[in-house]
Amino acid sequence: MNLILYNLIYLICFFPIWLFAFPLDINVILITLVIIVVGVFFHNIINKYVESKILFNAYLALVLAFGIDNCMSIFSDFLIPNASNFAPVNVYLIGFVFLLIFFAINLFLLKKTNYKGVLIVLSFIIASLIYSLKFSDKNFENFPDFKKTMVNYKYEKMTLVFVMDQMAGINSDASKSELGKKFDENALIFAKKYGAKIYENIYTQCPMTFQSIPKLINFDYAKNCDELENLNYIEKSNNFFNEYLILKNRFFDKFNSIAVLQSYHMNFCKNENVKICDQYSQFKKYDYVKGFKDTFLSKILGAWKHHGSISGNISWRAFLTLNLSDSYEQSGGEKGSFVSLLKKIEKKLITQNHDLIFVHSLSTHNPYGFNDKCEYSGKRYINYSSNDQLEAIKGQNYDRICILKFLDSFFERLTEKKLLNNLEFMILSDHGTRLKPDKDSTFKTILIHKDFYSKFEKVEEKKILQKTFSKLMN
Ligand SMILES: [Zn+2]
């Protein structure tokens with residue numbers, strides 16, 4: 001085979017498209033380029049020393065299969081959305097079967113067309129690469145972040161709301177173990193320390209995030225979890241970087257200058273009063289907690305996976321399993337960067353430029369990842385299984401104990417800076433652990449609230465989260 005065509009096949013198939021889609025550190029870019037150059041060397045060694053035509057064709061078919069997968073996002077755009085149709089077969093295994101099919105087609109083409117088929121496959125890959133680079137929504141320009149120009153007004157009174165996704169409530173299913181009792185105790189001490197009300201028997205009306213939160217922020221406490229579609233509070237997002245878009249937000253309508261710190265799950269930033277929209281992203285700089293592997297390897301695997309190829313996803317999962325890298329996605333990165341997020345919020349509070357700072361964090365969501373020292377543990381994260389309920393409860397407890405500890409240090413700093421007196425804050429969750437369908441597992445939430453004048457109080461009466469939020473904030 002012509003040497004130029006042979007090397008062109010390599011360069012096109014191993015084109016690191018995700019380097020162009022996402023904003024990566026120059027060091028990550030350089031390391032990736034070095035890996036590709038080393039690959040060119042091995043590619044040519046194979047050309048020189050592999051004499052068996054069958055082996056040579058098999059190698060080329062493999063490179064082309066990688067190329068086909070690399071230019072499309074089959075794993076994220078097709079396999080994950082249809083994962084339930086393949087159940088109980090593991091989605092990574094299905095991905096592997098897809099790669100095998102690409103390999104077999106390439107091998108057949110090479111054999112039948114005597115390398116002319118290579119040009120057909122290469123043309124397909126080039127067209128897909130151009131489409132993906134130019135027209136796909138996987139471009140960081142579509143990331144929802146923005147910062148509007150603000151009048152330099154200083155708000156004397158500020159409100160801070162933390163929606164901690166899946167954080168189990170006081171006296172919930174997670175509170176029945178020794179660790180859980182420790183959390184309940186710590187939460188009471190926390191509420192006492194900052195003069196807040198803590199709700200011991202509070203339940204969300206709906207079990208799902210896309211029901212619970214839109215109802216909450218629209219002061220809606222009718223029994224309508226299943227009819228929410230007609231209310232136009234929320235829709236499925238057509239932006240690659242979000243799952244849902246909040247359309248209506250009566251809570252936000254009450255403020256003038258809002259800073260939103262959100263996760264990929266829900267975009268709150270469409271409301272016109274939002275002046276700063278800041279969404280967690282693995283491509284931004286954070287100081288990760290001790291134990292979190294914020295390394296070149298995690299970054300490269302994270303970006304490769306994020307672009308959605310099968311090979312990227314299988315590699316990402318394999319390195320996680322070997323405990324050689326950590327996950328920035330699916331709550332991992334948000335757990336690792338929570339302390340960093342609190343520092344960001346502190347800076348925003350100091351400016352007094354916002355009357356509302358609204359946080360939606362997945363740091364308390366499964367898979368769980370903190371250990372007993374509140375260090376991040378990739379092993380705990382990867383071994384998480386909701387089938388092992390005792391372990392899941394343990395994970396929830398470690399995580400909520402650690403997150404509360406980080407919040408405590410944060411509020412201590414606010415007290416020192418005399419910011420607490422001018423602050424109304426609320427820490428709540430949208431649902432419980434959801435390990436069982438019963439009320440103490442799925443529906444029991446956390447709610448700690450301090451307004452400008454309140455004193456510590458333990459509210460034992462049974463309450464509805466959305467109704468209580470409406471009473472306090474509407
Ligand atoms: Zn949730």
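This briefing describes the domains, cores, sheet and selected backbone features of the structure above. The model is predicted. The domain assignment divides the chain into domain 1 (3-136) and domain 2 (146-282 + 329-473), and the C-alpha centres of domain 1 and domain 2 are 42 Å apart.

**Nonpolar cores**

- The largest nonpolar core comprises 71 residues. Those with the most contacts inside it are Val-260, Ile-357, Phe-358, Ile-427, Ile-446 and Ile-448.
- Helix H16 (residues 389-416) gives the most to this core, contributing nine residues.
- Phe-358 touches Val-161, Ile-258, Val-260 and Phe-268, when residues up to four places away in sequence are not counted.
- A second, separate core of 33 residues includes Ile-9, Tyr-10, Phe-22 and Ala-303.
- In soluble globular proteins, nonpolar side chains tend to be buried together.

**Helix H11**

- Helix H11 (residues 296-307) has 12 residues and spans 17 Å from its first C-alpha to its last, close to the 16 Å expected at 1.5 Å a residue.
- H11 is mostly covered, with 10 of its 12 residues buried.
- Just after H11, Gly-308 adopts a positive phi of about 105°.

**The sheet**

- An open sheet of nine strands has the order S1-S9-S7-S10-S2-S11-S12-S3-S13, with mixed pairing.
- Strand S1 (146-147) and strand S13 (457-459) stand at the edges; each has a single partner strand, so one side of each lacks a neighbour in the sheet.
- S1 is joined to strand S9 (residues 274-279) by two bridges, and these strands run antiparallel. The bridge partner of Phe-146 in S9 is Cys-277.

**Backbone exceptions**

- Most residues other than glycine have a negative phi, and most peptide bonds are trans.
- Asn-366 and Pro-367 are joined by a cis peptide bond, with omega about -5°. Pro-367 lies in the loop between strand S10 (356-361) and helix H15 (378-382).
- Asn-323 is not a glycine, yet has a positive phi of about 60°. Asn-323 is located in the loop between H12 and helix H13 (332-336), and is partly exposed, with 14 other C-beta atoms within 10 Å.
- Gln-330, also not a glycine, has a positive phi of about 50°. Gln-330 is found in the loop between H12 and H13, and counts as partly exposed, with 13 C-beta neighbours inside 10 Å.

Terms used
Residues are numbered from 1 along each chain as its sequence is written. This is a predicted model: local features need pLDDT of at least 70, side-chain atom pairs count only at pLDDT 80 or more; totals for chains, interfaces and linings use all residues. Domain bounds come from an automatic or database domain assignment. Helices (H or I, at least four residues) and strands (E, at least two) are DSSP runs, numbered from the N terminus. The expected span of a helix is 1.5 Å times one less than its number of residues. A residue is buried if 20 or more other C-beta atoms lie within 10 Å of its own, exposed if 12 or fewer, and partly exposed in between; C-beta atoms are placed from the backbone. A nonpolar core is a set of buried Ala, Val, Leu, Ile, Met, Phe, Trp, Tyr and Cys residues joined through C-beta atoms within 7 Å. Two residues are in contact if their C-beta atoms, placed from the backbone, lie within 7 Å. Two strands pair if DSSP finds at least two bridges between them.
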